[in-house]
Amino acid sequence: MPALDLVANVVVSGILTGLVYGLMALGLSVIFGVVRVVNFAHGEMMTLAMYAATVLFAAFKLDPFLAMLPVAAAFFVFGYALQAGFINPFITRPEHSQFMLLVAVAIILVNAMLMIFGPDARNVQVDYQLDSYELGPILIDKGRLFAAAAAVIAASGLFAFFRYTLTGKAIRACADNYLGARVVGLHVKHLYALTFGLGAVCVAIAGCAMVLLVDVTPPLGPAYTLLAFVIVIVGGLGSMGGALLGGVLIGVSEALAGLFIAPSAKSMFSFGLLILVLLLRPQGLLGRRA
Amino acid sequence: MSLLDVRSVSKHFRGLRAVHEVSFDVAEGGIQGLIGPNGAGKTTTFNMIAGVYAPDTGQILFAGRAIHGLRPDEICAAGIGRTFQIVKPFAGLSVLDNVMVGAFLRERHAANARAAAAKILERLGLGAKRDLPASSLTLPDRKRLEVARALATRPKLLLLDEVMAGLRPTECDQMVAVFRELNRADGTTILLIEHVMRAVMALARQIAVLHHGALIARGTPEQVVRDAAVLECYLGEETEI
Amino acid sequence: MKRSPVLLAVLAALLVLLPLLVGNYALSVATLILYFAYTGQAWNVMMGFAGQLSLGHAVYVGVGAYAAGSLFFHYGIGPWAGVCLAIALCVALGLVIGFLAFRFRISGVYFALLTIAFAEFTRIGFDHLDWTGGPGGMFLRVAQRDTWDLANFRGPPLMYYYAMLALAAGAFALCAWLLRSRAGYYWQAIREDEEAAQALGINTFRWKLLAVAISAAMTAVAGVFFAFYYNNLFPEQIFHISRSIEIILGPVIGGVGTLFGPVLGATVLTLLSDGITEALAAVGWEIPGIKQVFYGVVLLAVVMFLPNGIWPALARRLRL
């Protein structure tokens with residue numbers, strides 16, 4: 001039985017990592033909630049953002065937190081273009097067809113990264129990564145804390161956007177009632193593309209934050225896609241608060257499973273949780289029944 | 001003897017009293033109409049008979065056997081065929097294949113099911129369109145397909161849910177003729193929910209009137225149109241007879 | 001429809017005579033095509049016929065492969081008993097997944113994600129199962145490659161080719177028969193409109209379970225073949241989501257719900273992948289990942305421009 005302060009440390013670090021997971025999953029959730037398409041290339045986009053941060057760091061010594069701005073801008077354009085150019089024609093097609101489209105995008109992304117960056121792991125090294133705050137017996141890594149803070153700020157920004165801006169309200173209207181939104185004259189396809197762009201921004205910020213916590217390799221892409229699915233389903237597909245809650249839950253359960261069982265068993269825990277939630281509460285913890 | 005016996009069934013949705021203590025029966029070989037203004041509980045009653053949901057209280061007997069609470073497929077297997085108000089063709093299949101799906105309930109082998117389906121299509125005037133995809137049919141043809149599919153399950157009782165809605169008067173008259181013929185030649189009992197009074201008056205021998213979830217009148221068409229309560233609640237607002 | 005039987009007969013004759021015409025390498029490619037035609041056909045029963053989207057079919061390949069592989073590895077029991085165990089286990093697993101999903105009314109995207117979850121769950125489980133070798137894998141003895149040992153399914157590439165040909169042909173015939181039988185009609189009705197299907201007396205729960213069971217059983221046999229053809233099994237490889245995607249690619253590209261779609265899709269994709277490899281080798285671009293990028297681009301183009309797959313478009317052109 002590990003000592004109590006060790007458990008507390010692991011839980012705190014799990015929560016902080018989970019918030020970054022949550023932001024990544026928030027992107028998936030928002031896209032599904034509005035466009036009703038499951039982004040099977042989500043983890044690959046996440047990995048791309050992580051590579052972008054390492055490249056900017058290697059070339060310009062740009063801190064990953066500063067890299068968030070250009071990466072987010074580029075990802076917004078990428079997401080908008082992907083939705084407008086490729087996914088919009090697919091929104092009325094059957095699910096397996098949408099799935100295949102995004103799988104093709106994922107295959108291209110992950111292998112393009114393999115081509116460009118090779119199979120070796122990359123990372124960034126900033127001086128505050130090794131520092132930590134002491135809170136009694138609990139040590140909090142500065143890098144992890146800042147990453148989690150960035151995730152919370154970005155998520156709050158997105159919440160505010162959907163709640164208070166006209167465009168955000170229009171997007172929510174599209175999500176509630178596609179036909180109704182068209183009837184009142186909303187440009188639905190543009191709003192869909194905007195939503196995908198915002199989902200991509202979540203991924204961009206989460207990716208830049210994540211390079212402070214883990215090294216990036218191409219196979220991380222499919223793994224993050226699955227992770228994002230698990231999180232949004234546990235939290236509730238389409239629910240914004242649920243994505244963050246799911247992220248924290250999965251972050252903590254992964255950390256604890258790594259401590260008590262075996263590090264390699266941690267995702268088994270997550271998938272077990274996913275199966276349970278799907279069966280007992282298919283709409284997710286914070287989701288609404290369709 | 002009554003084929004279908006609905007005994008004081010009730011159904012509430014979250015406090016909303018959709019159907020309350022409704023009783024009526026349908027005689028074997030009869031044609032019974034169920035009418036009422038919008039929101040009267042017609043569709044809820046229909047769905048309880050068809051097994052979409054179980055009544056909160058009360059019983060539904062079919063040929064003397066309790067069927068309330070059974071699943072839709074069990075109801076169909078028991079001998080009750082239904083149509084949908086908003087037609088539900090199997091869009092990707094041909095007209096003939098649509099009807100074959102129904103015919104397979106009584107015929108295990110494809111050849112027999114195909115023959116049975118073809119016969120029904122001829123009868124409903126869809127014979128020439130049997131190889132077209134169901135998605136290409138016009139609304140009147142889709143309604144006919146809906147009836148053909150239900151008939152293919154060889155029902156003793158046919159439930160028709162606003163099968164005339166959206167049809168032109170001549171198309172409506174054709175449908176009425178089809179049902180009369182079915183009833184006369186095969187002895188198929190029919191329960192129809194209708195908004196179109198013209199069809200109900202022409203077809204039904206008995207009519208039950210629902211209003212606010214309760215039964216307010218029963219009788220022959222002539223009796224019902226003269227009933228004061230009916231005139232007040234229903235015909236007062238809708239005078240198309 | 002008159003020309004289809006002729007086409008089929010020509011194709012069958014060509015496939016039977018193929019080993020006389022080509023060398024060992026081409027034969028291995030042909031075996032691979034038949035393998036994907038077979039698994040595609042199996043997946044198609046569930047999705048193409050009954051409309052239940054499974055994104056976790058690798059779980060049946062893996063469980064089937066490990067079931068027969070373990071019997072052989074630990075007890076020297078050949079694959080004929082192994083295939084029975086594989087089918088039994090996969091059908092049981094499919095019924096559990098299907099029962100839970102259909103009872104709890106999980107459908108569409110949620111059902112697809114549930115199938116992924118089960119596949120991943122099983123993968124990690126096998127990673128921690130020492131009896132099957134864990135992440136280090138399981139290796140089956142390769143005794144000889146010269147004579148046909150049918151009892152232990154050991155022999156030259158030709159034997160595996162004909163075995164796979166028999167399986168693919170059998171699957172095709174089975175699916176053709178299913179599609180024309182009551183089951184096929186009922187599944188398609190469920191796929192098109194479940195509520196209407198139920199109103200016509202179809203116990204949709206039972207028929208959907210039947211589709212899952214048949215699909216799982218067929219895929220289990222592919223797993224047994226996989227184990228005895230490749231002779232090594234790693235959870236990381238056999239259960240990986242990309243294996244599930246491979247199974248789906250053929251029928252989606254070829255035409256979901258059609259008989260020829262899985263066959264055509266498997267052929268096109270395998271030859272495409274092989275062709276890209278050779279073309280890249282010829283021009284000397286051998287960077288890891290470049291092949292898959294081209295593959296992905298072609299996939300994207302097919303999905304975008306032939307939404308129903310290649311076969312329906314081709315069949316219209318050929319008036320089959």
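Q: In what order do the 6 strands of the open sheet in chain B run?
A: The order is β6-β7-β8-β3-β9-β10. The pairing is mixed. Keep in mind that this is a predicted model.

Q: Which strands stand at the edges?
A: β6 (80-82) and β10 (214-219) of chain B. Each has a single partner strand, so one side of each is left without a neighbour in the sheet.

Q: And how much are neighbouring strands turned against each other?
A: By 20° on average, ignoring direction.

Q: Back to β6(B). In which sense does it pair with β7, parallel or antiparallel?
A: Parallel, over 3 bridges. β7 covers residues 157-161 of chain B.

Q: What stands opposite B:Arg82 there?
A: B:Leu159, in β7(B).

Q: New topic. How many residues of chain A are in contact with chain C?
A: 37, and they touch 38 residues of chain C. The buried area between the two chains is about 3,700 Å². Carbon and sulfur atoms give 85% of that.

Q: Which three residues supply more than any others on chain A's part?
A: A:His96, A:Met100 and A:Leu279. Together they supply 17% of the area that chain A buries against chain C.

Q: How many salt bridges across that interface?
A: The rule finds 0 between chain A and chain C. There are 2 residue pairs in polar contact.

Q: Which helix of chain A gives the most to that side?
A: α4(A), with 15 residues.

Q: And how do the residues on that side of chain A divide?
A: Into 28 nonpolar, 7 polar and 2 charged.

Note on methods
Residues are numbered from 1 along each chain as its sequence is written. Chains are lettered from A and ligands numbered from 1 in the order in which they are written. This is a predicted model: local features need pLDDT of at least 70, side-chain atom pairs count only at pLDDT 80 or more; totals for chains, interfaces and linings use all residues. Side-chain values use heavy atoms; hydrogens and water are left out. Contact means heavy atoms within 4.5 Å. Buried area is the accessible area (1.4 Å probe) that two parts lose on being put together, summed over both. A salt bridge is a side-chain nitrogen of Lys or Arg within 4 Å of a carboxyl oxygen of Asp or Glu. A polar contact is a pair of N or O atoms within 3.5 Å; within protein, one must be able to donate a hydrogen and the other to accept it, and residues adjacent in sequence count only if both atoms are side-chain atoms. Helices (H or I, at least four residues) and strands (E, at least two) are DSSP runs, numbered from the N terminus. Ala, Val, Leu, Ile, Met, Phe, Trp, Tyr, Cys and Pro count as nonpolar, Asp, Glu, Lys and Arg as charged, and the others, Gly among them, as polar. Two strands pair if DSSP finds at least two bridges between them. Axes are lines fitted to C-alpha atoms, for helices over the stretch in contact, and angles run from 0 to 180 degrees between N-to-C directions.
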